[in-house]
Every structure is written in structure tokens, then in C-alpha cells.
Amino acid sequence: MKVVSRFEANLLRILHFFLGRVPREQAVPLLLNAHAQPPCLSATAVELVQDALAKGLTLVLARGGGWRRERHLRGDRVADGRLWERTPPAELGLAFSRHSLNFLVWVTAHKPATDKPGWAAPIKELSPADSLLLYLAYSALHGSLRGSEAAPLVSGPALSRNALCRLAYPDDFLDPAEPLPDFAPWTTGLGACILEALQTTLAQRWLETERDKAHVGQWQELRARGRAQEAVLLAFLQAVETARRLDLARFLLRTLARVLTPGATADLWGTRVVQGGPRMADRVETTQAALALVRQTDRFQRWERAARGVGFFDDGYEASQLTKTDWERHGGDDLHARAQTILRATDPLRVQTEGHP
């Protein structure tokens, strides 16, 4: 039996909460109170943290989608199988910096309601594994704490500029002055492998995000959410397009296939509240913002049309075939047609023109 101090036991319990292995009712009380921080952690505690990260994060990636047999790009070729079958094990190693342990110590020692500012670390010093842990912490805290309680825990550039946090929770970051994260590191190497494993999780998050719009009560909030989502979408989609990793945006196609059903109307995106806008310009901007994801069907169609033009002997042929397969599998032509119908119905200028030729 390994013995640790009370502080170290609390830290380990919080870590396991972040990894989805401890229920929130056991961890949240620990997060809401300050705990006396020891000068250092024991070797036993550090060993247990390392073991929890090694096993817990592997399980998170496997359950998140890594276990699925999927097809993703490796260079210009398509690799089939589970994540660990598509990628050599040496390329899947998760290397943590000292900042991960510092974060766990900080979140255990501090009381959110009184300890400000939040935890901070140089963004350039964070490894993909560090960023993944921070994302899991953010996900665990999302919905578990009230805004004033969670703010110090999730504030600071290390989390607000975390690519995974912004991609999964775009409408949590409504300040337009907040710099967007750099998505380029997540389109190659280990970062891309992590995104592959999170495709199912990201699709579910975006589905929840889109459905939540129907319950927004103020048009200003709806516009702010939509603008935040659009900023993330444009930055992310441009990054995968530049890196020629269009397969990493597959989770968005999955989301569109779930929301752009044959009977879908603009009401799903909360457009009824748009009528509260004081000016037509406000109503138009709010509607466009609310439909930020729907409007990206144009980009997906452009990718598919470009893929059609790649010949058998051309570079990138396999990648182009994967793009076409994804589009066809999710009924891309039907999705685009439904999206255009909704966009036309919510464009007051177009409706006015068509009604009064």
C-alpha cells in the first residue's frame, strides 16, 4: 500500500475527476476550498500522478473515439483502423512538462472564490499532452461549478487560448478581443492524432451547442455566441485546409448531418428571438451569427468539388477520395441544399426582394 498526505490524496482525487474516473460530487467540494500547500510533493505522489496520467489519458483517447475503426490521412495516404493501428506507438507518446503538475498543485491548493487571477503558464512551453490535460480539466469543470466559482480556475491564456477548449466550447469565450489559439500544431503529429481520437466527443459538443441556441432568450447573447463560434470555425477550417487535413473537420460534418434533418427549420437556431433586435441590421447580423456552422456547408461543398478534379495519377488522389467519401457518407449534397433553404428563409433582404419583384 502506498501512503500519501491529505493534500496529495486530494490532488489525486481531483486528477481522477478530470480523467472521468471519480464522480463530481466527490471532487467539487475539494475544488471549492483552499488546502494548505506543502513545500513539495512526495516521490510516491508524483509516481501516482504519472501512473494516473499514463493510464487515464490513454483510456480517455480510446473511449473518445480512438477505438473506432476510422480512415484518416497519414501524409498523402489513407490509413485505416483504430488510432493505435493507424499510427506507430512511438508517435503517440504523451510527454508532460512541469506545468501539468504545477496546475494540479494550484487547483488543489487554491480556493476559486477568493484566489485571483487564475492559473497561468507560458503557452509556448505547453506540450500537446499538457493542453489535453487542461482541456479535460475544463470539460470536467464545465457545468460543475457556477460562473463565479469556475472563473479563476478557467481564466488565463493557458485555458482561454487552449485550442481544444475553444474548439469544444466556442461559446464560452465571448470576448472578441481574446486572441484565438493557433490550430496549426493540431493538424500534424501528435496534435492531429489527439483530434482524430476526439472526433466523436467534438461532434457531440457541437450538437449540444447548436441545440442550445433554441433556448437563448436574448438576441445579443445569441449574436455573441454565434460570432464566437464563427471565429473559431474560420480559424480551424483554414488551418486544416492549409495543412491538407480536411479529415480532421469530419466532426463538423457529423454535426451538420444531425441538425440539418429533412424537417429542420431556422427555429432550431433560435431565430425567433432575433425579431427582438431593434434594427434590421441587428437582426441580419444575429441571424448570420446564429447560423455560423450552417453557412460552412459552402466550404465543405467547395472542398468536395475540388476533390472531384483530382485525377488518379495526381498528387493527393487518396486524400481527395477520402474527402469525397466523407461528403457522400454524410449526405453532403442534401445537407447543402437544406442549408441553402434555411439561409434563404432567414435572409430578410432576399425574402423582401422575392416577395416584391
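**Salt bridges and one buried alanine**

Let's start with a pair. Glu-196 and Arg-86 form a salt bridge, with their closest N and O atoms 2.9 Å apart. Glu-196 sits in helix H10 (residues 189-197) and Arg-86 in helix H4 (residues 83-86), so the pair ties together parts that are 110 residues apart in sequence.

A word on the source. This is a predicted model, where local features need pLDDT of at least 70 and side-chain atom pairs count only at pLDDT 80 or more, while totals for chains, interfaces and linings use all residues. Residues are numbered from 1 along each chain as its sequence is written, and side-chain values use heavy atoms, with hydrogens and water left out.

Now the terms. A salt bridge here is a side-chain nitrogen of Lys or Arg within 4 Å of a carboxyl oxygen of Asp or Glu. Helices are DSSP runs (H or I, at least four residues), numbered from the N terminus. Buried means under 20% relative accessible area, exposed over 50%, and partly exposed in between (1.4 Å probe, protein chains only).

Back to the pair. Is Glu-196 buried or exposed? Glu-196 is buried, at a relative accessible area of 3%. Arg-86 is buried too, at 6%. Both belong to a network of salt bridges that links Arg-74, Arg-86, Glu-196, Arg-245 and Asp-247.

How many salt bridges does the structure hold? The count is 25. Why can such pairs form? Side chains of opposite charge can pair when their charged atoms come close.

Next, Arg-302. Its salt bridge partner is Glu-241, with the closest N and O atoms 3.3 Å apart. This pair links distant parts of the chain: Arg-302 lies in helix H15 (residues 297-308), Glu-241 in helix H12 (residues 219-243), and they are 61 residues apart. Arg-302 is partly exposed, at 43% relative accessibility. Glu-241 is partly exposed as well, at 26%.

One more pair. Arg-82 and Glu-85 meet through their side chains in a salt bridge, at 3.8 Å from N to O. Arg-82 has a relative accessible area of 28%, so it counts as partly exposed. Glu-85 is at 42%, also partly exposed.

Last stop: Ala-121. Where does Ala-121 lie? It is in the loop between helix H5 (98-109) and helix H6 (128-141). Ala-121 counts as buried because its relative accessibility is 10%. Leaving aside neighbours within four places in sequence, Ala-121 is in contact (heavy atoms within 4.5 Å) with His-99, Leu-126 and Ala-158. Thr-187 is 66 residues from Ala-121 in sequence and 23 Å away in space, C-alpha to C-alpha.

Conventions:
Helix = DSSP H or I, 4+ residues; strand = E, 2+ residues; numbered from the N terminus.
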